[in-house]
Amino acid sequence: KNTHGDLVLEIVCGRRATGAAAVAACSGASPSATLPRLNSHIVAVGAYVFDTHHGWMELHPVWQTRPG
């Protein structure tokens, strides 16, 4: 449950869905934003919300990413 100070970014339907609900929700859908390269510095735009299930703040969904 600890993000170690990192901000969680959720790019909806950004990768292949694995859970049944996610598979159904992402069927035929486009990702909410472009997935950045691993370890790249980015600027992300999205809704800043409190994830009550996990207990942390996150951007969900991420609407846009760009190099930063």
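Reader: Which strand is joined to β2 by 9 bridges, and how do the two run?
Author: β2 is joined to β3 (residues 56–67) by 9 bridges, and the two run antiparallel. Strands here are DSSP runs of E of at least two residues, numbered from the N terminus, and two strands pair if DSSP finds at least two bridges between them.

Reader: What should I know about the model itself?
Author: This is a predicted model, where local features need pLDDT of at least 70 and side-chain atom pairs count only at pLDDT 80 or more, while totals for chains, interfaces and linings use all residues. Residues are numbered from 1 along each chain as its sequence is written, and side-chain values use heavy atoms, with hydrogens and water left out.

Reader: OK, back to β2 and β3. What do they form?
Author: A hairpin, with 4 residues between the strands. G55 in the turn has a positive phi of about 85 degrees.

Reader: Which residues of β3 stand opposite G46 and A44?
Author: G46 stands opposite V62, and the bridge partner of A44 is T65.

Reader: What is the strand order in the sheet?
Author: β1-β3-β2, in an open sheet of 3 strands with mixed pairing. β1 (8–9) and β2 (42–51) are at the edges with a single partner strand each, so one side of each has no neighbour in the sheet.

Reader: Is β1 parallel or antiparallel to β3?
Author: β1 and β3 pair in the parallel sense, over 2 bridges. L9 has L59 in β3 as its bridge partner.

Reader: New topic: which residues make the nonpolar surface patch?
Author: L7, L9, I42, Y48, F50 and M57 make the patch, which is about 550 Å². β2 gives the most, with 3 residues, and M57 lies in β3.

Notes. Patch = residues over 30% accessible without salt bridge, like charges linked within 9 Å, V, L, I, M, F, W, Y side chains within 5 Å. Areas by Shrake-Rupley, 256 points an atom, 1.4 Å probe, with all protein chains shown as cover. Salt bridge = Lys/Arg side-chain N within 4 Å of Asp/Glu carboxyl O.
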